[in-house]
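User: Could you walk me through a few local features of this model, with the cut-offs spelled out?

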Amino acid sequence: MAGWTGKTVYIDLSSETVTVTGTDEKLIRMYLGGRGLGVKLLSKLTDPEIDPLSPENPLIFTAGPLTGLAPMASGAVLTSKSPLTGTVFSWNTGGGFGRELKKAGIDALAITGKAKIPSYVELSGDEIKIVQADRLWEKNTEECTEILKSKGSVACIGRAGEKEVLISSFVIDAVHSGRGGLGAVAGSKLLKAVVVEGEKELLPARPEKFKELETKMVKLFEANPVLSKGLANYGTPVLVKLLDYMGLIPCRNFSGKGAPFADLFSGEYLKASFELEKESCPACPLGCKRRIKKTGQLLPDYDSLWAFGFNLENSDFDSVLRADRICKDYGLDPVSAGSVLGACAELQFGKIEPGELETLLTGLGEGSEPGKGARNYLSSRKREDLSMDVKGLELGGFDPRGIRGQALAYATSCHGGDYLTAFMVGPEVLGKPLLLDRFSLRGKAGILQVFENLTAVLDSLVFCSFSIFAINEELCSALLQAGAGLEISPAELLKAGERIWNLERVYNLKAGFTRKDDTLPERLFESGSEERDDGISVQEFDAALQEYNRYRGWDREGVPSPEKLKKLGLSCRK
């Protein structure tokens, strides 16, 4: 198959051994690649009850069958058991790391063990090396990337990961960061970075047909105003004005909403205020990131604008710029960092001033206690009620009280409070692919699982998360056939997405999660907040969750039935 190299690499840092095996074609057909293949390998390599910071917990980098071939498909997926949440966790990294992995002839890279001294992994063509990283240890991601970038695409951790800060992440090429604390997993292994540069030319199985489909995909992109008029022109800050107008930007740790300074953080205002350059992933027509031409600094994404601006009621844009850069440099998840700071401010009955942000974030990067994450930190203070998280992962800046399908998506996500496992803001706010009543949970359960399954497919093919606005399972099926020589029908693709979702669910159940974890912070329900009168009805939410479980073929406790697992080709063993 043209889209697959057939090589899976296992690296044991403890024994310094490298094992190369063939990628099982059956796994490709069942799990596609990316997120699906990563979760399957995680389930195969470890017991779900494993300590996430133990040497046995693997870090798994996976490409997809269309990586390096199709537009918006150049990244990789990083999978492990999260030390922040204790759940299975996959992150679609963005950037060009996946393309280089594929050009190096690797479908999946699984790293286990713990190095004797700080090390990094270098993949160059067919050569795989474990290299001493003493000179890189204690450096943050900008400096580390600058040193290593001549060797290829760089996925590295900063000092936060080294110190096993639970809200730390990998940073790809000093631009793309993630969530779930996977930087701490690397730190626990004394793994500073993975650098990859490939030499293989990536060619589609049927070039003429693939070119035709590629043209079609670009036309669909251009026809979608969210992509071509919004994100392509302004980046993710384009969401600010609309979300503020609809009252969907939470502030003060989700106790309030809206911000009087929202216009000053909008994509339109920022574009008018700065001379900006596009920052694009390879072969991406979108270019959703922006770099300030004068300083070379990346413009914060919506996540950071919310985390350090709206959430903290901080209108000082320069302080938000500095906060975003500190997070990138230390390898901190900005959503989790801003969320825990917002909770700390409420705990102390105060407000974080702009001048304090830099000191507080540097403290998080250096291992201060709130870096354990909002739930862990607040539990130690006996104020877990102030943590705005699901399954330990802090919620992003989309208020689920006004996006009820997103509320259900947060609760059912196997990652925790990750809005990208089903971005219901699309249909409920942007009206893409169809407009739904955002104030109702009625009828959302069935629609949500379709979005979840399709997102699992796109993550497994390793398309950019925004691709869901332009492509569907029919186009994915055609691209797979022409690009990878892999014939999988649209229905079979969605079944693969369902299989991946159920495998993640089974993993979490074995890790100790139950139906009780499929919920939201108490503040988001009726009577949960003294300042808000728009809370979600507990009865309506519970009814929607039960309906969701029925659609999934799960019992009332959210456990997949043996019949469902058998139908999907999954093991029924506990």
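This is a predicted model: local features need pLDDT of at least 70, side-chain atom pairs count only at pLDDT 80 or more; totals for chains, interfaces and linings use all residues.

User: What is the strand order in the open sheet of six strands?
Analyst: The order is β2-β1-β6-β3-β4-β5, with mixed pairing; strands are DSSP runs (E, at least two residues), helices are runs of H or I of at least four, both numbered from the N terminus, and two strands pair if DSSP finds at least two bridges between them.

User: And which strands stand at the edges?
Analyst: β2 (17-22) and β5 (88-92) do, each with a single partner strand, so one side of each has no neighbour in the sheet.

User: How many bridges join β3 to β4?
Analyst: Three bridges join β3 (residues 59-62) to β4 (residues 77-81), and the two strands run antiparallel; Thr62 has Val77 of β4 as its bridge partner.

User: Switching topic, is Thr412 buried or exposed?
Analyst: Thr412, in helix α16 (residues 404-412), counts as buried because its relative accessibility is 3%; buried means under 20% relative accessible area, exposed over 50% and partly exposed in between, using a 1.4 Å probe and protein chains only.

User: Which residue's side chain does Thr412 join through a polar contact?
Analyst: The partner is Glu452, at 2.8 Å; a polar contact is a pair of N or O atoms within 3.5 Å where, within protein, one must be able to donate a hydrogen and the other to accept it, and residues adjacent in sequence count only if both atoms are side-chain atoms.

User: Which residues of α2 are buried?
Analyst: Gly34, Arg35, Gly36, Leu37, Gly38, Val39, Leu41 and Leu42 are buried in α2.

Terms used. Residues are numbered from 1 along each chain as its sequence is written. Side-chain values use heavy atoms; hydrogens and water are left out.
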